[in-house]
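Please look over the side-chain packing in the model shown here. A short report on selected contacts is wanted.

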Amino acid sequence: MIACTARWMMSERGPAVAVPFRPVVARSAAFLPFLAVLALLASVLHPLTRAAAGTTPAPPSALPASCRLEIGPRHTVAGVVDAATLRLDDGSEVRLLGLLAPSAPDPSAPADAWPPEVHARTALAELTVGRDIVLAYAGAHSDRYGRTLAHVLVERDGVSLWVEHELLADGHARAYAPPGGTPCLAELLFAERSARQAARGLWAGANYAPVSAYATGRLWKLRGTYQLVEGWVARIEHTRASVTLQLTAPTRRALRAYIPLSARHRHEAAAFDTLVRRRVRIRGWLQWRNGPSLTVSDPALVEALSAEPPKSGGE
């Protein structure tokens with residue numbers, strides 16, 4: 001209890017006199033236990049009332065504010081299934097969102113036959129196995145195989161790390177968006193770009209380097225795979241639900257990139273017109289439809305690189 005002191009007051013009728021001073025803190029000390037109980041109740045009830053209202057909890061510090069995700073349960077990682085899938089303590093599997101891990105071109109090859117895949121799987125294991133994680137959902141909670149779909153946050157040395165971002169920044173995967181996109185795509189692309197510019201991980205070799213839109217023969221061999229393609233935009237076509245970019249090529253079989261536009265992206269359709277005669281980097285699943293074509297799952301996967309016109313006769 002705080003001891004009472006005296007304060008001096010100048011009386012209008014005489015000299016200064018000492019007047020006892022009784023601070024409010026001393027009087028309210030008896031209410032401190034009651035206030036502590038109220039604070040404890042508030043800390044317990046506040047998350048419950050937010051959950052009942054259907055609001056999303058604030059994201060952990062590892063996620064930027066732009067990643068508005070649904071924070072899920074905590075688990076411990078029991079093991080790694082592959083370079084993009086975790087096995088949890090309850091036996092379930094989690095497929096990492098926002099990235100595409102390297103895999104051997106030959107699906108029948110042994111698990112250790114493709115060095116980029118081995119390095120990515122090792123990096124994922126070192127980052128997560130035996131550690132506590134928090135799941136963060138960006139939409140559907142599971143895929144058709146029954147695996148949980150989530151971003152993963154791991155606690156390491158007292159710091160919360162975003163697993164997908166760490167793998168991309170170290171060059172162990174490529175940024176990827178499922179149909180419908182992901183709210184964290186810009187941050188994932190930035191992490192990948194930093195690794196690519198520094199030639200880290202899978203970017204140190206030529207296997208995952210962007211392919212030229214002029215390399216028609218190589219595009220034919222790579223059909224059915226996920227690729228980054230660079231080239232000059234020759235023309236753009238619009239429909240109500242999509243935009244198509246046609247890139248220049250030495251033959252009539254020019255690469256065409258199909259970009260479906262969801263309701264939330266249709267207002268961006270006109271912005272693609274500014275890409276004519278600009279060099280771009282586009283990523284998506286490479287197919288062959290009377291020539292090479294890419295299906296692009298999100299407009300953010302089309303990156304403008306240069307505004308200079310292409311050189312005559314080629315790239």
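The notes below cover a disulfide, aromatic and charged side chains, a hairpin and a proline.

This is a predicted model: local features need pLDDT of at least 70, side-chain atom pairs count only at pLDDT 80 or more, and totals for chains, interfaces and linings use all residues. Residues are numbered from 1 along each chain as its sequence is written, and side-chain values use heavy atoms, with hydrogens and water left out.

**Disulfide**

The structure holds one disulfide. A disulfide here is a pair of cysteine sulfur atoms within 2.5 Å. Cys-67 and Cys-184 form it, with their sulfur atoms 2.4 Å apart. The pair links distant parts of the chain, 117 residues apart. Cys-67 is in the loop between helix H2 (32–52) and strand S3 (70–82). Cys-184 is in the loop between strand S10 (174–175) and helix H5 (185–197). Helices (H or I, at least four residues) and strands (E, at least two) are DSSP runs, numbered from the N terminus. Both cysteines, Cys-67 and Cys-184, are buried. Buried means under 20% relative accessible area, exposed over 50%, and partly exposed in between (1.4 Å probe, protein chains only).

**Aromatic pairs**

There are three aromatic pairs in the structure. Rings of Phe, Tyr and Trp (its six-membered ring) pair if their centres lie within 6.5 Å; planes under 30 degrees apart count as stacked, over 60 as edge-to-face and the rest as tilted. Two of the pairs are tabulated.

| Pair | Centre to centre | Angle between planes | Geometry |
|---|---|---|---|
| Tyr-176 and Tyr-226 | 5.2 Å | 75° | edge-to-face |
| Tyr-226 and Trp-285 | 5.3 Å | 70° | edge-to-face |

Tyr-176 lies in the loop between S10 and H5 and Tyr-226 in strand S12 (residues 226–238), so their pair ties together parts 50 residues apart in sequence. Trp-285 sits in strand S15 (residues 279–288), 59 residues from Tyr-226. Tyr-176, Tyr-226 and Trp-285 form one aromatic cluster. Tyr-176 is buried. Tyr-226 is buried too, at 3% relative accessibility. Trp-285 is partly exposed, with a relative accessible area of 33%.

**Charged side chains**

Which strand holds Glu-303? Glu-303 is found in strand S17 (residues 302–306). Glu-303 counts as buried because its relative accessible area is 11%. Its side chain makes a polar contact with the side chain of Arg-193 at 3.1 Å. A polar contact with the side chain of Arg-283 comes at 3.4 Å. A polar contact is a pair of N or O atoms within 3.5 Å; within protein, one must be able to donate a hydrogen and the other to accept it, and residues adjacent in sequence count only if both atoms are side-chain atoms. Leaving aside neighbours within four places in sequence, Glu-303 is in contact (heavy atoms within 4.5 Å) with Arg-193, Arg-279, Val-280, Arg-281 and Arg-283.

Two arginines sit over tryptophan rings. The charged end of Arg-196 is 5.5 Å from the ring centre of Trp-203. Arg-223 lies over the face of Trp-220, at 3.6 Å from the ring centre. The criterion is NZ of Lys or CZ of Arg within 6 Å of the ring centre and within 35 degrees of the ring normal.

**Hairpin and proline**

Strands S8 (residues 148–156) and S9 (residues 159–162) pair in the antiparallel sense over four bridges. Pairing needs at least two DSSP bridges between the strands. S8 and S9 form a hairpin with two residues between them. In the turn, Asp-157 has a positive phi of about 55°. Val-154 stands opposite Leu-161 in S9.

Pro-260 is in strand S14 (residues 256–260). Pro-260 is partly exposed, at 43% relative accessibility. Its C-alpha atom is separated by 8.3 Å from that of Pro-299, 39 residues apart along the chain.
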